[in-house]
Amino acid sequence: MKEHYYFDNAATSWPKPESVYQYMDQFFRAYGVNPGRSGHTLAVEAETMIGQTRRLIGGFFSFTGDSGRVVFTQNATDSLNLCFRGLVESGDHVIITRLEHNSVLRPANHMERDGGVSVTRLGGDGAGYVDPEDVRKAITAKTKMVVVNHASNVLGTLQDIESIGRVVAETDALFVVDTCQTAGVVPIDMHRCHIDVLVFTGHKGLFGPSGMGGMIVGEGVNIQPTKTGGTGVNSVSDFHPDDYPYRLEAGTVSIPGIAGLNAAQRWFAELGNQLLDKNGAECASHQEATQVALTHIHEQEVGVTRRLIEAFADLPGVILYGPRGNSPRVATFTINIGEMPAEQAGAMLDADHGLCVRPGLHCAPLVHRDYGTLERNGSIRFAPGFFTDDEDTELALEAVTELAEYQASR
Ligand SMILES: Cc1ncc(COP(=O)(O)O)c(C=O)c1O
């Protein structure tokens with residue numbers, strides 16, 4: 001029996017692969033110095049690891065441009081703020097969706113209220129899918145940027161970013177994709193999807209630590225820095241360097257954070273090679289191996305979700321939100337149990353069973369407004385991850401059955 005049954009992987013993945021913990025500890029002890037800047041052996045080792053991580057992350061998203069355009073930030077929120085503040089100006093138009101997280105909604109709202117920017121918020125259909133034709137119709141000559149959440153962190157709806165990207169690529173607008181819920185969960189090909197800026201966070205599907213994120217800035221896209229300062233290069237200049245990654249990386253980067261992402265990338269590749277039954281000199285390329293791993297991870301996670309959804313659908317009073325059947329999705333989904341407030345249900349599942357789920361609005365208020373769950377303070381989110389096992393799944397089934405029957409009997 002476990003103490004905790006973790007179904008909050010959409011908030012952050014837990015646990016991480018063991019090799020992530022080990023490498024972060026080892027690397028930080030051995031080379032936790034200021035990278036590059038000092039030029040001594042330890043600093044060069046740290047800089048080499050950072051450069052390798054940029055290349056691994058680039059390959060992971062099939063990015064073939066200069067790996068210096070893989071920029072590290074604090075988190076996806078930081079990267080998205082950079083997109084809004086560094087790409088959009090007064091008079092511009094921006095398209096976002098109603099499925100966005102507050103890390104997109106709020107920068108857009110602020111720029112609309114204070115910055116002379118107009119914003120279109122596109123809704124999805126009943127299951128939360130955005131129609132690429134709606135994107136086409138919303139684009140005007142003033143549209144600077146289209147921002148799409150690849151998968152909803154409330155409903156699990158997986159958007160067709162390839163079709164949306166094709167539509168945006170026919171115009172002058174930039175296509176920015178928030179991959180927080182899909183990076184490390186489904187394969188993403190930045191070029192095939194015509195993504196201009198791919199935003200990622202490190203601590204969810206990418207299995208890195210908290211406080212670590214980034215973005216891949218496509219060739220030809222120039223984001224204006226919102227922070228300037230030390231970079232360890234060209235220090236004599238009065239002004240911040242123009243070239244990537246320094247352009248967007250002012251100050252010291254997180255060595256433990258990047259080491260964590262590095263180890264996780266190698267873990268994905270190892271898993272892929274195992275699935276391909278390859279080792280040693282035979283190993284597949286990082287890109288090929290990780291794509292195989294991701295397909296496997298996605299199938300496994302969604303398999304757990306389909307099992308839970310099927311069982312929950314038969315329980316008294318359980319309301320399920322989001323895609324059903326074989327519609328494209330990630331593992332995350334939400335429910336409500338009769339009239340019980342989501343927070344109360346979450347607290348009872350935790351206290352009585354050690355089940356860790358996330359009740360509330362999940363920082364995506366417009367989704368809850370559209371689904372009528374705002375006034376009841378949201379819904380209860382289940383987010384299985386790669387390390388969710390049969391024991392976790394059985395416990396979740398048992399706990400929700402008990403709570404639904406209790407609620408129905410009141
Ligand atoms: C879809 C989506 N976008 C953005 C974010 C923000 O990520 P971070 O808190 O790492 O900045 C999250 C995190 O919950 C998310 O789910």
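Predicted model: local features only at pLDDT ≥ 70, side-chain atom pairs only at ≥ 80, totals over all residues.

Residues are numbered from 1 along each chain as its sequence is written.

**Two domains**

The domain assignment gives domain 1 (18-264) and domain 2 (289-409); such bounds come from an automatic or database domain assignment. Taken over C-alpha atoms, the centres of domain 1 and domain 2 are 28 Å apart. Across the boundary, 24 residues of domain 1 are in contact with 25 residues of domain 2, where contact means that the C-beta atoms of two residues, placed from the backbone, lie within 7 Å. The side of domain 1 that touches domain 2 has 11 nonpolar, 10 polar and three charged residues. In this count, Ala, Val, Leu, Ile, Met, Phe, Trp, Tyr, Cys and Pro are nonpolar, Asp, Glu, Lys and Arg are charged, and the others, Gly among them, are polar.

Helices (H or I, at least four residues) and strands (E, at least two) are DSSP runs, numbered from the N terminus. Two strands pair if DSSP finds at least two bridges between them. Seven strands make an open sheet in the order 2-8-7-6-5-3-4, with mixed pairing. At its edges are strand 2 (70-73) and strand 4 (118-122), each of which pairs on one side only. On average, neighbouring strands in this sheet are turned by 20° against each other, direction ignored; axes are lines fitted to C-alpha atoms, for helices over the stretch in contact, and angles run from 0 to 180 degrees between N-to-C directions.

Let us look at strand 6 (residues 174-178), which pairs with strand 5 (residues 143-149) in the parallel sense over five bridges. Val148 has Val177 of strand 6 as its bridge partner, and Met145 stands opposite Leu174. Five of the five residues of strand 6 are buried; a residue is buried if 20 or more other C-beta atoms lie within 10 Å of its own, exposed if 12 or fewer, and partly exposed in between, with C-beta atoms placed from the backbone. Leu174, Val176 and Asp178 point one way from strand 6, while Phe175 and Val177 point the other way. In a regular strand the side chains alternate between the two faces of the sheet.

Another open sheet has four strands in the order 9-10-13-12, paired antiparallel. Strand 9 and strand 12 (358-360) each have a single partner strand, so one side of each is left without a neighbour in the sheet. Neighbouring strands here are turned by 30° against each other on average, direction ignored.

Strand 10 (residues 333-337) is largely enclosed by the rest of the structure, because five of its five residues are buried. Phe333, Ile335 and Ile337 point one way from this strand, and Thr334 and Asn336 the other. Its pairings are listed here.

| Strand paired with strand 10 | Sense | Bridges |
|---|---|---|
| Strand 9 (residues 318-321) | antiparallel | four bridges |
| Strand 13 (residues 379-382) | antiparallel | three bridges |

Ile319 has Asn336 of strand 10 as its bridge partner, and Thr334 has Arg381 of strand 13. Helix 9 (residues 342-353) lies across strand 10, strand 12 and strand 13, and runs at about 160° to strand 12.

**Around the ligand**

Which residues are closest to the ligand? They are Asn75, Thr77, His101, Asn153 and Cys180, out of 13 residues that surround the ligand; a residue counts as near a molecule or strand if its C-beta atom, placed from the backbone, lies within 6 Å of it. By class, this shell has three nonpolar, nine polar and one charged residue.
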